[in-house]
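Here is a short briefing on one protein model. Look at the sequence and the structure first, then read the points below.

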Amino acid sequence: MTEQEKKGRRKTLAGVVVSDKMQKTVVVMVERIVRHDAYSKMVRRRTKVKAHDEEGRCGMGDKVAIEEARPLSKDKHWRVTEILEKAVV
């Protein structure tokens, strides 16, 4: 893999929308499972990130795929690429 290919690759994550109250922005809860250093037990770690949703299609509880993007605002650095699963209302 060349340096150019590494540079063009963006991180992708999946998470659940926990807030859609802003215009063109959603808050996504991303969960990962890691091994605890001292106890070697699997622990859930959660991170909230703000993602750009241009059309405003995402709603609370939707499972979405997000992709790394250039800084769009002070703390918005991700973009919604697709809705994986709509929330059951």
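**Arg46 and the charged pairs**

Arg46 counts as exposed, because its relative accessibility is 53%. Keep in mind that this is a predicted model.

**Salt bridges**

- The count of salt bridges comes to seven.
- Arg46 forms one of them with Glu31, and the closest N and O atoms are 2.9 Å apart.
- Arg46 lies in strand S3 and Glu31 in strand S2, so this pair ties together parts that are 15 residues apart in sequence.
- Glu31 has a relative accessibility of 36%, so Glu31 counts as partly exposed.
- Which side chain meets Glu31 in a salt bridge of 2.8 Å, N to O? That is the side chain of Arg44.
- This pair links distant parts of the chain, with Arg44 in strand S3 and Glu31 in strand S2, 13 residues apart.
- Arg44 counts as exposed because its relative accessibility is 52%.
- Another salt bridge joins the side chains of Lys86 and Asp62, at 3.1 Å from N to O.
- Lys86 sits in the segment after S5 and Asp62 in the loop between S3 and S4, so the pair ties together parts that are 24 residues apart in sequence.
- Is Asp62 buried or exposed? Asp62 counts as buried, because its relative accessibility is 2%.
- Lys86 has a relative accessible area of 48%, so Lys86 is partly exposed.
- Shared partners join Glu31, Arg44 and Arg46 into one network of salt bridges.

**Overall build**

- The protein has one helix and five strands.
- Read along the sequence, the pattern is α-β-β-β-β-β.
- The C-alpha trace spans about 40 × 40 × 25 Å along its principal axes.
- The protein has 89 residues, and 25% of them count as buried.
- Take the contacts between residues at least 6 apart in sequence: 47% of them join residues at least 24 apart.

**Confidence**

- The mean pLDDT of the protein is 93.
- A pLDDT of 70 or more is reached by 92% of the residues.
- Where is confidence lowest? It is lowest in helix H1, residues 3–8, at a mean of 67.
- Confidence is highest in S3, at 98.

**The barrel**

- Five strands close into a barrel, in the order S1-S2-S3-S5-S4.
- The pairing in this barrel is mixed.
- On average, neighbouring strands of this sheet are turned by 50° against each other, direction ignored.
- Strands of a sheet pair through backbone hydrogen bonds, and they may run parallel or antiparallel.
- S3 and strand S5 (residues 76–85) run parallel and are joined by three bridges.
- Ala51 has Trp78 in S5 as its bridge partner.
- Strand S1 (residues 12–22) and S4 run antiparallel, with five bridges between them.
- Ala14 stands opposite Ala65 in S4.
- How many bridges join S4 to S5? There are six, and these strands run antiparallel.
- Ala65 has Glu82 in S5 as its bridge partner.

**Val28, a buried residue in a strand**

- Val28 lies in strand S2, residues 25–35.
- Val28 counts as buried because its relative accessibility is 0%.
- Leaving out residues up to four places away in sequence, Val28 touches Gly15, Val16, Val17, Thr47, Lys48, Val49, Ala51, Val64 and Ile66.
- Val28 and Pro71 are 43 residues apart along the chain, and their C-alpha atoms are separated by 16 Å.

**Asp53, a buried charge in a loop**

- Asp53 is found in the loop between strand S3 (42–52) and strand S4 (63–68).
- Asp53 is buried, yet Asp53 has no salt bridge.
- Which side chain of opposite charge is nearest to Asp53? It is Arg57, 4.9 Å away.
- A salt bridge needs the nitrogen and oxygen atoms to be within 4 Å.
- Leaving out residues up to four places away in sequence, Asp53 touches Lys24, Thr25, Val26, Cys58 and Val80.

Key. Residues numbered from 1 in each chain as written. Predicted model: local features only at pLDDT ≥ 70, side-chain atom pairs only at ≥ 80, totals over all residues. Heavy atoms only, no water. Helix = DSSP H or I, 4+ residues; strand = E, 2+ residues; numbered from the N terminus. Buried < 20%, exposed > 50% of the residue type's maximum accessible area, 1.4 Å probe, protein only. Lys, Arg positive; Asp, Glu negative; His and termini not counted. Contact = heavy atoms within 4.5 Å. pLDDT = per-residue confidence, 0-100. Pairing = 2+ DSSP bridges. Axes fitted to C-alpha atoms, helices over the stretch in contact; angles between N-to-C directions.
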